[in-house]
Amino acid sequence: MQEKKKNIKRIILSRTDGIGDVILTLPMAFYLKKSFKEIEVLFIGKSYTRAIIEACKNIDRFIDWDELSKGGSAEIVDTIKNTAADSIIHVFPNRAIARAARRAGIAQRIGTSHRWFHHTTCNTLVHFSRKQSGLHESQLNFKLLQPLGIYTTPFLPEIAGMYGLDFSGYPLPLHRLGIDPHKPTLVIHPLSKGSSRDWGLDNWAKFIHILPEETYNIVITGSADEGETLRPLLTEPYSEKVIDTTGRLTLQELCSLISHADALVACSTGPLHIAAAAGRAALGLFPPMRPIHPGRWQPVGKNAGYLVKPITCNNCRKSDVCECIRSITPEEVLEKLLLMLTTADHRR
């Protein structure tokens, strides 16, 4: 379909959820910059995603929602009004932001019709279902550009080149963490904070056991709280084999570490998408359960891949443990990883 674009000078993308979600939204900014001359793209996001958004060359300004929301409703409205934005896209529905954007008088307020409060706060509704669609999350975001006259849905290999991320200015704490800069680095991020089904500590332990530590720096990442859960992987007999960075990295440092690593293995979580966007060998482990299956959430990057069992996962919906993702063997993960490292253009 031929694209007939509106005259937009300044636009706000609003996405106040997780790291992976934000990364998969950044290609929208690339396409906006490509489609409109001299457009400014602002991004409303959470504090903990700031390092991602500020590393994107296609975002002109970050608005910290956590800080902004500490003020009263009038202050929120004034801040949004003072952006002088022509349009706002509610990529992730947030009722407070939607109300403030309407009160601020932003001329075009775009949101999905599947949120009831958008019917009173948005004047441009887009009709589509994320859960029922066969498109990837990054592709679904492009549906929200249709009111701007952009009807393109890029293919995933195209999206791999649209992130616009540059982590080179962020600190790289190799010496502090005891990471040998002369050895290839493999980052393992075992937990997902509920964003996916976990592979299981027993599987991660077996995977670490079959990895040759003389070949790789084996780096375990996660928050301080996750470090407590991961304690069995961080103590003997694994403590001599792995480098524990749980609770020791800022997001800037994590992004820098991942972007300099040779590979990352994780379930569906933010660091997996950081690695994919940075062009690393990013291997994701997924259940075949909609809507958390790889068709919706696989890592998208020039050296990204995933493993999933071709089985039906419905019996796992009512269980905290997903036997479908757990049935992926450590040997299968290592085989896939080595193949990716062999074939990927993963070194800078």
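A pocket is an open set of points on a 1 Å grid over the protein atoms alone, with protein on both sides within 12 Å along at least five of seven lines. The close-up views below show a predicted model.

**View 1. The second largest pocket and the residues closest to its centre.** The second largest pocket has a volume of about 470 Å³, and among the 19 residues that line this pocket, Pro93, Arg115, Arg130, Lys131 and Arg296 are the closest to its centre. By class, its lining consists of eight charged, seven nonpolar and four polar residues.

**View 2. The largest pocket, with helices H1, H14 and H15 contributing to its lining.** The space in the largest pocket amounts to about 640 Å³, and 27 residues line this pocket, of which Ile19, Lys193, Thr269, Gly270 and Pro271 are the closest to its centre. Helix H1 (19-23), helix H14 (251-260) and helix H15 (270-277) each provide at least two of the lining residues. The lining is made up of 15 polar, eight nonpolar and four charged residues.

**View 3. The packing of helices H14 and H15, both of which also supply residues to the lining of the largest pocket.** The axes of H14 and H15 cross at roughly 50° and come within 9 Å, which makes H14 oblique to H15. The crossing of these helices, H14 and H15, is right-handed. From H14, the residues Leu251, Leu254, Cys255 and Ile258 take part in the contact, and from H15 the partners are Pro271, Ile274 and Ala275. The contact of H14 with H15 comprises seven nonpolar residues, with no polar and no charged ones. Pro271 of H15, a member of this contact, is also listed among the residues closest to the centre of the largest pocket.

**View 4. The packing of helices H11 and H18.** Helix H11 (residues 201-210) packs against helix H18 (residues 330-343) at an angle of about 50°, and the axes of the two helices are 9 Å apart. Because angles from 65 to 115 degrees count as roughly perpendicular and those under 35 degrees as roughly parallel, H11 and H18 are therefore oblique to each other. The crossing of H11 and H18 is right-handed. In H11 the contact involves Asn203, Lys206, Phe207 and Ile210, while in H18 it involves Pro330, Glu331, Val333, Leu334 and Leu337. The contact of H11 with H18 divides into six nonpolar, two charged and one polar residue.

**View 5. The crossing of helices H5 and H6.** The axes of helix H5 (residues 73-82) and helix H6 (residues 95-103) cross at roughly 65° and come within 8 Å, and the crossing of H5 and H6 is right-handed. On the side of H5, Ser73, Ile76, Val77 and Ile80 meet Ile97, Ala100, Ala101 and Arg103 of H6. Six of the residues in the contact of H5 with H6 are nonpolar, one is polar and one is charged.

View 6. Most residues other than glycine have a negative phi, and most peptide bonds are trans.

**View 7. The positive phi of Glu38.** Glu38, a residue other than glycine, has a positive phi, with a value near 55°. The loop that holds Glu38 lies between helix H2 (26-35) and strand S2 (40-45).

Conventions: Residues are numbered from 1 along each chain as its sequence is written. This is a predicted model: local features need pLDDT of at least 70, side-chain atom pairs count only at pLDDT 80 or more; totals for chains, interfaces and linings use all residues. Side-chain values use heavy atoms; hydrogens and water are left out. Axes are lines fitted to C-alpha atoms, for helices over the stretch in contact, and angles run from 0 to 180 degrees between N-to-C directions. Helices (H or I, at least four residues) and strands (E, at least two) are DSSP runs, numbered from the N terminus. Angles under 35 degrees count as roughly parallel, over 145 as roughly antiparallel, 65 to 115 as roughly perpendicular and the rest as oblique. A crossing is left-handed if the near helix is turned anticlockwise from the far one by less than a right angle, and right-handed if clockwise. Contact means heavy atoms within 4.5 Å. Ala, Val, Leu, Ile, Met, Phe, Trp, Tyr, Cys and Pro count as nonpolar, Asp, Glu, Lys and Arg as charged, and the others, Gly among them, as polar. On a 1 Å grid over the protein atoms alone, a cavity is a set of points where a 1.4 Å probe fits but cannot get out, and a pocket is an open set with protein on both sides within 12 Å along at least five of seven lines; lining residues have an atom within 4 Å of a point. Grid points are joined across faces, edges and corners, and a volume is the space filled by probe spheres set on the points.
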